[in-house]
Amino acid sequence: MSMLNRSELASFACQVAPLLGTQCRALPDDGRDGAVRIVDDEGRALVLYQEEAKPQRLSVTVRLPEAAEAAGLTVRPVTVAAGCTPAHAAAHIRRRLLPAHARVLAAFQALPTGSADVSGDQGADAGEADSPPAAVQRAAAALTAVAPACDASDCDGWVIGERPSRRRSLPAVWWQTARSAGATEQAGNGGQAMAPFLADALRRAGLVTTEPRHGRWVFFAAPPQAQDEPRYTVEASPERRASWDVMDRHTGAKVRGSGDQERAAYFAESLNTEHEVRQELRVASLELPGIQAGAEEEMRLRVVAVALARHGLAPYGLDAVDHADVPGFLVVGCSNTPGQVAVHRVLDPWGSGRPEPCNAGAGSAGRFDRDLAAYARCLNGPGRRAIVDGEHVRVQITETA
């Protein structure tokens, strides 16, 4: 059997990618001639290739972070028949390769220096005041004050590592969960729900970050010494022809992409305006999903929102979440009662009130009550007491540390 040519392999990868996840996409691979990458929405990459000695077989491996490879960690490739169907290949990848990949990443994170051993470029304009290890230490300290780190045991937590962006690895943080999706997990097992709050914590520590609007990871870096030029610029994509990337010059990461150069320029201009406004107001975040507008600086509200997001509950206003299908929580301050906040359950177009069965469908009121009960369960704990009070949850906070 003759080897597949590059276009045939790329076509096969494009058929396999959607079977592995709705956000997976196929790209040329720059690390191996003739190979094709499949990249998911968290930046993880699979590499499909053939060897001349075995033209009848198609090999699939994973692209590990550079620091993991330097630590001697590897994942053994799996092989399938070159003439197999995309569904057959996807089944082998899910059953054999992805679990092995997850085990290796868990082993890497468990290494004593795994979280702090971050290499890669910081971007041409990243500041020199903090080296990458120093920036990682600042990030770890800031995140520890918000939520626990993932320790590779059966718990959820943040992880500092590397993520690929424009063919290089950059420092990033993301929220990782060890448990499988359950009835109360609505936003990618907490990964996407926690991303805005991780970014907010890093900015409050003086670091610069990307805005995690369409993914679960946050690129970060030390602030640049000079900020004269626009932060966001448009560059031709090295991965796709006739495509344009919006680049964050402070972190070195790609934040958006478009096949229309004018549209990419519009994205960059909007992000630059947002950055300038945040600088003028001297705030870490102009808005945070799940928190009352204009109250982002209230620590009590952020503490409650993080407690819910850690359980995978979706904050209202989270990008890429359709709140006509998935309810979102909204934390509101109680100005008349110190130390108390209210949590509302918002579902479009009904708002925060109990949906009427005749309009919202049978069982909607029951789901409303179950969601409020889930909010209260998540929030009860040391320093917090939560009870369902009519159409919202009332939370009394005795401490915010």
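User: How many salt bridges does the structure hold?

Analyst: The structure holds eleven salt bridges, a salt bridge being a side-chain nitrogen of Lys or Arg within 4 Å of a carboxyl oxygen of Asp or Glu. Before we look at some of them, please note that this is a predicted model, in which local features need pLDDT of at least 70 and side-chain atom pairs count only at pLDDT 80 or more, while totals for chains, interfaces and linings use all residues. Residues are numbered from 1 along each chain as its sequence is written, and side-chain values use heavy atoms, with hydrogens and water left out.

User: What makes the pair Asp200 and Arg302 a salt bridge?

Analyst: The side chains of Asp200 and Arg302 meet with N and O 3.8 Å apart, and because the limit is 4 Å, the pair qualifies. Asp200 belongs to helix α5 and Arg302 to helix α7 (residues 299-309), so the pair ties together parts that are 102 residues apart in sequence. Helices here are DSSP runs of H or I with at least four residues, strands are runs of E with at least two, and both are numbered from the N terminus. In general, side chains of opposite charge can pair when their charged atoms come close.

User: Why is Asp200 called buried?

Analyst: Asp200, which lies in helix α5 (residues 191-204), has a relative accessibility of 3%. Buried means under 20% relative accessible area, exposed means over 50%, and partly exposed lies in between, with a 1.4 Å probe and protein chains only, so Asp200 counts as buried. Arg302 is buried too.

User: Which residues does Asp200 touch, not counting those up to four places away in sequence?

Analyst: Asp200 touches Ala284, Ser285, Leu288 and Arg302, where contact means heavy atoms within 4.5 Å. With Ser285, the side chain of Asp200 also makes a polar contact of 2.5 Å. That term stands for a pair of N or O atoms within 3.5 Å; within protein, one must be able to donate a hydrogen and the other to accept it, and residues adjacent in sequence count only if both atoms are side-chain atoms.

User: What makes Arg354 and Asp369 a salt bridge, and why are both called partly exposed?

Analyst: The closest N and O atoms of Arg354 and Asp369 are 2.4 Å apart, which is within the limit for a salt bridge. Arg354 sits in the loop between β14 and α8 and Asp369 in helix α9, so that the pair links parts of the chain 15 residues apart. Arg354 has a relative accessible area of 32% and Asp369 a relative accessibility of 38%, so each falls in the range called partly exposed. Elsewhere, salt bridges that share partners join Asp200, Arg204, Glu297 and Arg302 into one network.

User: Is Arg345 buried or exposed, and how do you know?

Analyst: Arg345 is buried, because its relative accessible area is 4%. The side chain of Arg345 forms a salt bridge with that of Asp371, N to O 3.0 Å. Arg345 is in strand β14 (residues 340-346) and Asp371 in helix α9 (residues 364-379), 26 residues apart. Asp371 is also counted as buried, because its relative accessibility is 16%.
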